[in-house]
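User: I'm new to this one. Can you walk me through it?
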Number of protein chains: 2
Amino acid sequence: MQITGQMLIGQSSVQGHKKAIRALNPATNEYLQPEFLGGDQQHVDQAVALAWQAFDDYRAMGNESRAVFLETIADEILALGDSLVERAMAETGLPQARIEGERGRTMGQLRMFASVVRMGKFLDARIDPALPERAPLPRADLRFQKIPLGPVAVFGASNFPLAFSVAGGDTASALAAGCPVVVKAHSAHPGTSELVGRAIQQAVKKCQMPEGVFSLLFGAGADVGGALVAHPHIKAVGFTGSRSGGVALMNIAANRPEPIPVYAEMSSINPVFIMSNKLAAEAKAVASGFVASLAMGAGQFCTNPGLVVVMDGPDCEAFLQQVAEETQALGTQTMLSPGIYQAYCEGVNSLTEHDGVSLLAQSASSDLPNQCQAHVFVTQAKTFLADKGLEGEVFGSTSLVIKCQSLEEYRQLAEHFEGQLTITIQMNDADSDAVKALLPVFERKAGRLLCNGYPTGVEVCQAMVHGGPFPATSDSRSTSVGSAAIERFLRPVCYQDFPASLLPSSVRDDNPLTIPQLVDSKLKLA
Amino acid sequence: MQITGQMLIGQSSVQGHKKAIRALNPATNEYLQPEFLGGDQQHVDQAVALAWQAFDDYRAMGNESRAVFLETIADEILALGDSLVERAMAETGLPQARIEGERGRTMGQLRMFASVVRMGKFLDARIDPALPERAPLPRADLRFQKIPLGPVAVFGASNFPLAFSVAGGDTASALAAGCPVVVKAHSAHPGTSELVGRAIQQAVKKCQMPEGVFSLLFGAGADVGGALVAHPHIKAVGFTGSRSGGVALMNIAANRPEPIPVYAEMSSINPVFIMSNKLAAEAKAVASGFVASLAMGAGQFCTNPGLVVVMDGPDCEAFLQQVAEETQALGTQTMLSPGIYQAYCEGVNSLTEHDGVSLLAQSASSDLPNQCQAHVFVTQAKTFLADKGLEGEVFGSTSLVIKCQSLEEYRQLAEHFEGQLTITIQMNDADSDAVKALLPVFERKAGRLLCNGYPTGVEVCQAMVHGGPFPATSDSRSTSVGSAAIERFLRPVCYQDFPASLLPSSVRDDNPLTIPQLVDSKLKLA
């Protein structure tokens, strides 16, 4: 498959004419070919008009067709073969195993949503049969299902060029819900984006879907991104990226004549609370697990463990010594882009220069471009609590260890933190009572709580929550990973006294979709 | 039970000191005793601090305790006896049968949410067991449940002094979800609000709930309402009222440091589409049903049929003649307040003076105060489509009949309408094909679609949707009536590799709550 630099609007390939985006290999700082000329308002209008035109037809297709479409996208991505892996490696500096693993995750995610669509639980079908004899008033026949919101704008993330990008979780869940998707490609991996976009375009054709069900645009955020979110026929937004970027989209969406939901996954520092008995028993193992999680992927994960809360004392010193040794032994890793590398260096410098923070250890340095040097800093709970600035996310392999003098400081810290994607608890049985007392606070603060693991690694499954209170996300009622992500793009509709011939199949008495239905307040399996 | 004019903050009665609210009997324009002195920021802070303090304790209580609490509120409302009915009648001008019916609805709603809590489907429990042998990476044990968002601010509506007010659907669903509630009473029925508030206060005491689980404040929107929505410990808002009021709250909520969801049910004109074959067969019956729905409760419903779409021709003339006769035969009815009456008169005047609109009929007039005189106006589809101003809601018994020259104009109108709570279809079998073609548009535009009924009358049940796209509501993903209303106040949390002793009971293997669980991607009943 050739990379042409063109946008994909429905089944057409369209050349932009705004400022060119150029992909860069962060491992060499060399530009890659071709150029991707940016789109403008007119391209946004074309793509959204096609999406709007496709919407009623697409959502009318049966769940089975939609499931097959999602599976076909997975097949077409695999069919891109090595060219996809090579381009993604070149555009991101990520190693082959990681890109291949991410490709598998992306395909698995599409297939999971196919199974979610077939299962039909997401339709939340409900039937309250008529009660014509009820006094004083009869009850009408009332039926309920969820339908898709409408065309969705998806913004690819820089740090997962496949799994959170053109055919990533937002696209997969929106298509599964029955929503056409218009993607604005992330400018850091435009070639990868075009390849994946062409795979989806091919799947649209093979499955005879309405062409507007998918389009891919290039361009600057202010031109294409803002215009997309403001377009009256866009009905929801999926975004993974920076806090400032997410908040900007939230503001555009809230100020439209018709406000729309924005699902922005933004900023999280993922505190790890190490409990005292665990630390006394396994200081070295906890340290090793932490450093491994910190170093993974140059720390370029939303779930990177950016804070560690630990009780001061001799066990803490043993832990810190092990962390220091293992951190110093780490090599450097190429970061995703010069911009991310630059921001990382600034974050590290700001911690280095902070009076109340000391550097515990750093990894080796390197003369290669855009190399992430891991850093671990240490501070006191009192210092942290007094300075909101210390809570900012440093995107990359840097973490701040906070020494506490009491469990009360653990609690104060937990209450002090902004909303998080994850909170991790390192504990053993003897810590149970202390953890029980903290759990209600943790639940209020994060979308996922982990015991004795590390937050990196986000399983794609039914029970995953990759979400959390602001600023972790713009909408704590949702998740952007896992099957519940489909619920972001649905709304309920009630059908009152409809003749059987006009009822949606999800709420028919004979249940032709063989899905769960809540009938007369009783849940019935298919 | 005495009405004191005091606010209820937890278990305390507190006198305000801002401008007094005075209840008025709209049937006589006479003020009622006592005065209700408004609260200020300090009272908001006290009530929200108590709510925040109560939150973790309240949500930790078992589902059964919560269900009994909701049932006890219903009992305590009934125990208020005639004093509640009389005060509500005096403050609203609504007749006794309506108030008693609404009391039954309010109690039934609380009891329905008790059963919803016991059933536990709302927790959406999910279990993905660990797969330690999976290659290349094992899967952790992952479990998922929904937890409450936090304290909720509820704004009572003027038109349902019981069912959409202090102990109405927003309060019932928020308490059911596990959220403490702070109500800002509607200034049109403060005595009714205090009585119901005291019933809840009594139930809190009897059930030994933490006192902060409920508070009731009086005051101006700008003082108390705005401060409530802006308070950092308020995590969601329920509102039923005007579009301008709802949008104001949406703006406050979106501009907080931590934005929060607002569920505002605002503005809907509830179009009724009369299909040609139905009209030919039953013009008179359709007219009678329409006028009865229009006249009900002086048209002071969010679901009042404010627009009728009909095909021009002889059947239309028969329909209009019958509508005219029945409208002229209607008596007047007292409206809820002088403010609502004033706004109604202005709305009617604006239609009367519109060049493209003609008056079909009006009901008798009356010299009594605040009397709603029903009006039916007629216009052409072309006129309506050309003037956005004709789509404004006139709150009261007024409707605008739109004559069409083609089915294409039906479609144009449906696409042209803003989001609605309801769309009604009057049809028979011969209209099926025409309706099928319009249904996708109707689904996109409204939360509830009705065949051969009228939109007034909103059943409280599992399958109800009282919601719809903006501006019908601020959030089309939800309903404010029916069991799904509980979902507005929940967010998911994932528990990874938790020891059994720390797991919430909803996701334990032994399922002690006997609720539905999604185990390893298979839905299991209790």
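Predicted model: local features only at pLDDT ≥ 70, side-chain atom pairs only at ≥ 80, totals over all residues.

User: OK, the interface. How many residues are in contact?
Analyst: There are 74 from chain A, in contact with 74 from chain B.

User: And how much area is buried between the chains?
Analyst: About 6400 Å². Carbon and sulfur atoms give 57% of that area. The size of an interface is often given this way, as the accessible area lost when the parts come together.

User: How many residue pairs are in polar contact across the interface?
Analyst: The rule finds 42 between chain A and chain B, counting pairs with both residues at pLDDT 80 or more.

User: Which elements of chain A supply at least two residues to the side that touches chain B?
Analyst: Among the helices are H1 (41-60), H8 (243-254) and H14 (432-445). Among the strands are S5 (125-128), S6 (142-148), S20 (446-451), S21 (490-496) and S23 (522-524).

User: How do the residues on that side divide into nonpolar, polar and charged?
Analyst: On the side of chain A that touches chain B, 41 are nonpolar, 10 are polar and 23 are charged.

User: How many salt bridges are there between chain A and chain B?
Analyst: The count is 14. Over all chains, the structure holds 60.

User: Which residues meet in one of them, say with Arg59(A)?
Analyst: Arg59(A) meets Glu443(B), at 2.9 Å from N to O. This pair crosses between chains. Glu443(B) sits in helix H14 (residues 432-445) of chain B, and Arg59(A) in helix H1 of chain A.

User: Which residue does Arg477(A) meet?
Analyst: Asp475(B). Their side chains form a salt bridge at 3.2 Å, N to O.

User: Now strands. In what sense do S21(A) and S20 of chain B pair, parallel or antiparallel?
Analyst: The sense is parallel, over 3 bridges. S20 of chain B covers residues 446-451. Within this strand, Leu449(B) stands opposite Tyr495(A).

User: What is the phi of Asn29(B)?
Analyst: Asn29(B) has a positive phi of about 60°, although it is not a glycine. Asn29(B) lies in the loop between strand S3 (18-25) and strand S4 (30-38) of chain B.

User: Why point these out?
Analyst: Because most residues other than glycine have a negative phi, and most peptide bonds are trans.

How values were computed
Residues numbered from 1 in each chain as written. Chains lettered and ligands numbered in written order. Heavy atoms only, no water. Contact = heavy atoms within 4.5 Å. Buried area = accessible area lost by both parts, 1.4 Å probe. Salt bridge = Lys/Arg side-chain N within 4 Å of Asp/Glu carboxyl O. Polar contact = N/O pair within 3.5 Å; in protein donor to acceptor, adjacent residues only side chain to side chain. Helix = DSSP H or I, 4+ residues; strand = E, 2+ residues; numbered from the N terminus. Nonpolar A, V, L, I, M, F, W, Y, C, P; charged D, E, K, R; others polar. Pairing = 2+ DSSP bridges.
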